[in-house]
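Load the model in your viewer and keep the sequence panel open. The stops below go from one selection to the next.

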Amino acid sequence: NADGFTGFSDPDYFLMHVLSYLETPPFLRPFLFPLHPDLRFAGSLPSLDMPHHLKSHEWCRYREGVTIKKPVEGEKSKKSKKRRREEPQSKEASLVDVGLPQKISVPAAIPPDTRVTIKLPKDSDIPASGDGPAACSVVAPSTPREEGGYYWGYSVRAASSLSAVITECTYSGGYDLTIGTSERGSPIADLGRHSQDGSQVPRFNRMLVVFGGVAGLEVAVEADSELQKMGVKEPKELFDYWVNLCPGQGSRTIRTEEAVWLGLMGLREVVVNKGRK
C-alpha cells in the first residue's frame, strides 16, 4: 500500500514483522524497529513476557542488547562527558545497551544497532551507573538455553513454499521428526498410546510441526512446483505423522492461531518425553 502497510499486499512479510517485533525485548524495540504502519496496533497485542524480556531491576546472567555508537570526542556537554567516561579504551571494543543503568563493554568491534546476546559477570562484579562499563562477553543466542536452561525466545524464518519449510532447515541434520496437522489426520491422542512413557514417537532432536490455513495444507501442496515435480499428491506424504489436533471440533474450521495453541498443548507430552535435551 501507499502508506507502507503490508497486511494485504504482502501478508507473509507482515506476519514476520509483527512476530519479530513481539519477540524483541521491549526496551530494544525503539532501536531495532523504526515506526512503521505494520506496527500501528502492535501495542494492543498481548505481552509475551518471555525470560529475556528483562526489566532494569531484574537480574539474569544473560541479557539481550543492542550495540550503540561511541560518543563524539568534541562534545562539551555534561552528558557527553559522562558518555566519554563510558567509552571503551580499546578500538576493538563496543558499547552495548542491555537495559541496565550502565552500558556494557564487549571485546569485539560490532556495527552500531546490532542485536547481540550478552553474558554478564557475577552480580557483584557489575559496577554502578557512574563507574564505567562492565566487561562482558558476546555469546550465541542459543547459549542461555544451552547453558542456563532458559527459554530465550524464538526466531522467524521465511519460506517460499511448503517444501522449502523442510529443505531449508537451518539446523545441521535437518528435522528428524515432522508432524503435519489436518482435520483429516489421526487423533493427536494416538501419539500417546501403545507405550508406558506416554508416546510411541521415537526420540528426536528437532521437531517440525506444520499448520495449514483455512483451506488446509492441501492447497500448499498444489501450489508447490517442486512437490508437483516429485509427484506428491497428498500433504501427509511429507510427514512422519499426520494428526488431527481437535477431533470432533464441531465448527467447520479452526483458525490457524487457535490450532497453534491446541498443537503446542497436545504435543507437550511428546516433547517432554521424547525430545533430547
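Which side chain meets that of R145 in a salt bridge? Select E146: its side chain and that of R145 form the pair, at 3.8 Å from N to O. Bear in mind that this is a predicted model. R145 counts as partly exposed because its relative accessibility is 43%, whereas E146, at 55%, counts as exposed.

Next, select E183 and R184. They form a salt bridge as well, with the closest N and O atoms 3.1 Å apart. E183 is partly exposed, its relative accessible area being 44%.

Now go to helix α1, residues 11-23. Its 13 residues should span 18 Å at 1.5 Å a residue, and the end C-alpha atoms are 18 Å apart, so the two figures agree. Colour H17, V18, Y21, L22 and E23, which are the buried residues of α1.

E23 counts as buried because its relative accessibility is 6%; R115, at 27%, counts as partly exposed. The structure holds eight salt bridges.

Finish with the cysteines C136 and C169. C136 is buried at 7% relative accessibility, and C169 is buried at 15%. The structure holds zero disulfides.

Terms used:
Residues numbered from 1 in each chain as written. Predicted model: local features only at pLDDT ≥ 70, side-chain atom pairs only at ≥ 80, totals over all residues. Heavy atoms only, no water. Helix = DSSP H or I, 4+ residues; strand = E, 2+ residues; numbered from the N terminus. Expected span 1.5 Å × (residues − 1). Buried < 20%, exposed > 50% of the residue type's maximum accessible area, 1.4 Å probe, protein only. Disulfide = S-S within 2.5 Å. Salt bridge = Lys/Arg side-chain N within 4 Å of Asp/Glu carboxyl O.
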